[in-house]
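Subject: Structure handover

Hello,

Here is the structure you will be working with. Please have it open while you read the notes under it.

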Amino acid sequence: MEFSSSVLFDVIQHLPFQNDDTKNVNSDSNHKRIAYVEQCFGASGEKLTRPGRVLVGEGVLTKMCRKKPKPRQFFLFNDILVYGNIIISKKRYNKQHIIPLDDVKLEDIEDDKNLRNGWKILSPMKSFIVYAATSSEKSEWMAHIRKCVSYLIKKRGIEQKPDLNCPVWVPDSDASECMLCKKSVFSVINRRHHCRKCGIVVCNPCSSSKLLLPQQSSKPQRVCNNCYQACENNSSAATSPTDIYCPTNDDGDSSADDSSDDDNDDEDEKNTFLDSAINANYHDQQVQFYEQEAM
């Protein structure tokens with residue numbers, strides 16, 4: 001499956017982490033670009049203008065959501081990655097998500113017969129798979145993100161935290177039955193749930209408890225029985241900073257809470273015609289670059 005998208009990248013050499021070069025940061029075009037992104041998200045989005053922040057590039061990537069792949073608008077800054085739902089192409093977005101680049105890692109994935117040009121974006125806050133329209137766009141995205149992360153951690157003199165990534169959720173379509181007990185078959189009545197600790201799809205009896213995972217949320221999150229039991233067994237030892245034993249039973253559905261990200265099928269169904277228009281618009285507009293500014 002090939003995905004159409006449009007990518008615009010600023011010149012990575014002009015990031016302000018090299019030789020204390022602040023011309024690009026203070027340029028009018030950079031300020032205007034960031035202001036326009038804020039305008040597109042409207043009141044529902046956070047303020048993105050900040051001293052030292054540069055909008056490096058932007059474009060549409062197809063994000064693997066809980067139920068199916070969906071187009072999302074991505075904005076790469078020199079310190080954060082921002083994405084949101086497309087309401088009107090290049091004019092209006094909602095459901096803004098902001099991921100700090102400090103601990104972002106990328107992991108390449110192999111093409112299969114239906115999904116191509118994809119990679120994992122991993123972080124303690126959120127992890128997921130995205131797909132580019134072409135292999136060249138994939139290479140550009142991955143190279144620019146990695147350079148931004150490298151410059152950022154070098155500038156701040158920090159090291160990335162190992163093995164604290166939020167799991168990539170297993171898509172609903174990959175699990176017809178509970179991945180833990182192997183007995184419960186999913187249906188309209190027997191709904192799927194995702195473990196926030198390991199990402200597998202489980203039934204309600206196999207995920208009836210919660211743990212506090214501070215990197216993901218300030219509220220206890222649904223986890224599978226295996227992850228819950230493992231944390232319970234380790235509770236007498238030194239507590240991991242991301243797994244806090246917080247026994248909470250909950251029989252409610254967790255499929256549509258904040259951790260399920262932006263996978264709102266009701267809203268997306270209303271905008272099906274927009275998805276078609278987006279794909280048609282980007283079919284002949286694969287890659288564009290910002291004009292180089294006078295430095």
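The notes below cover the nonpolar cores and then some of the salt bridges. Please keep in mind that this is a predicted model.

Nonpolar cores

The largest nonpolar core is made of 22 residues. Within this core, the residues with the most contacts are F74, L76, L101, V104, W119 and I121. Several elements supply at least two residues each: the strands β2 (55–64), β3 (69–77), β4 (80–88), β7 (118–122) and β8 (128–131), together with the helix α2 (135–156). Which of them gives the most to this core? That is α2, with 6 residues.

There is also another core, which lies apart from the largest one and has 17 residues. Among its members are V170, C195, V202 and C203.

If its neighbours within four places in sequence are left aside, I121 is in contact with L81, V104, K105, L106, K126, S127, F128 and V130. Two of these names, K105 and K126, are lysines.

Salt bridges

The model has 6 salt bridges. Three of them are described here.

The side chains of R53 and D79 form one, with an N to O distance of 2.8 Å. R53 sits in the loop between α1 (28–41) and β2, while D79 sits in the loop between β3 and β4, so this pair ties together parts that are 26 residues apart in sequence. Are these two residues buried or exposed? R53 has a relative accessible area of 4%, which means that R53 is buried. D79 is buried as well, at 11%. The cut-off for buried is under 20% relative accessible area.

K120 and E107 form another salt bridge, and their closest N and O atoms are 3.6 Å apart. K120 belongs to strand β7 and E107 to strand β6 (residues 105–108), so to speak of the pair is to speak of a link between distant parts of the chain, 13 residues apart. K120 has a relative accessibility of 22% and therefore counts as partly exposed. E107 also counts as partly exposed, at 36%.

The side chains of D111 and R116 meet in a salt bridge too, at 3.7 Å from N to O. D111 is partly exposed, with a relative accessibility of 39%. R116 is partly exposed at 37%.

Regards

Terms used. Residues are numbered from 1 along each chain as its sequence is written. This is a predicted model: local features need pLDDT of at least 70, side-chain atom pairs count only at pLDDT 80 or more; totals for chains, interfaces and linings use all residues. Side-chain values use heavy atoms; hydrogens and water are left out. A nonpolar core is a set of buried Ala, Val, Leu, Ile, Met, Phe, Trp, Tyr and Cys residues joined through side-chain atoms within 4.5 Å. Buried means under 20% relative accessible area, exposed over 50%, partly exposed in between (1.4 Å probe, protein chains only). Helices (H or I, at least four residues) and strands (E, at least two) are DSSP runs, numbered from the N terminus. Contact means heavy atoms within 4.5 Å. A salt bridge is a side-chain nitrogen of Lys or Arg within 4 Å of a carboxyl oxygen of Asp or Glu.
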